[in-house]
Amino acid sequence: WVVYAGQFRSYRQLLIINAGDGYHVLLAGLSQIDVQLGQFVLAGEPVGVMGGAPRAAPAKVQEASPLLYVEFRKGDEAVNPDPWWAGKSERVPQ
């Protein structure tokens, strides 16, 4: 469920989802959040939109591309996200 959704410092929109068992997923860099505080979300459900950066003649393509920051935490510690990523056969169908 969503425990935080809104502006946070220089991260633009920050979304924190309680994944249960003391785990939280942080998503920063969204331009729009489409879920509400307290809302339960399912795996694979869209939660927001990544917007483009201003297109004022960027020096590199990377600088103009949106960037999503994802962090997995258990309590106060960041954890290795590798076990959380779904394999191709496990993904939710679109």
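Reply: A residue is called buried when its relative accessible area is under 20%, exposed when that area is over 50%, and partly exposed in between, with a 1.4 Å probe and protein chains only. This is a predicted model, in which local features need pLDDT of at least 70 and side-chain atom pairs count only at pLDDT 80 or more, while totals for chains, interfaces and linings use all residues. Residues are numbered from 1 along each chain as its sequence is written, and side-chain values use heavy atoms, with hydrogens and water left out.

Me: In which element of the protein chain is confidence highest?
Reply: Confidence is expressed as pLDDT, the predictor's score for each residue, from 0 to 100. The protein chain averages 82, and 76% of the residues score at least 70. Helices (H or I, at least four residues) and strands (E, at least two) are DSSP runs, numbered from the N terminus. The mean is lowest, at 56, in helix 1 (residues 61-64), and the highest value, 95, belongs to strand 1 (residues 2-7).

Me: Which strands stand at the edges of the sheet?
Reply: Two strands pair if DSSP finds at least two bridges between them. By antiparallel pairing, 5 strands form an open sheet in the order 1-2-3-6-7. Each edge strand has a single partner, so one side of it is left without a neighbour in the sheet; these are strand 1 and strand 7 (77-78).

Me: Which residue in strand 2 is the bridge partner of glycine 6?
Reply: Strand 1 and strand 2 are joined by 5 bridges in the antiparallel sense. They form a hairpin with 5 residues between them, and arginine 9 in the turn has a positive phi of about 45°. Across this pairing, the partner of glycine 6 is leucine 14.

Me: Is glutamine 13 buried or exposed?
Reply: Glutamine 13 lies in strand 2 (residues 13-20). Its side chain makes a polar contact (N or O atoms within 3.5 Å, one able to donate a hydrogen and the other to accept it; residues adjacent in sequence count only if both atoms are side-chain atoms) with the side chain of glutamine 7, at 2.6 Å. With a relative accessible area of 18%, glutamine 13 is buried.
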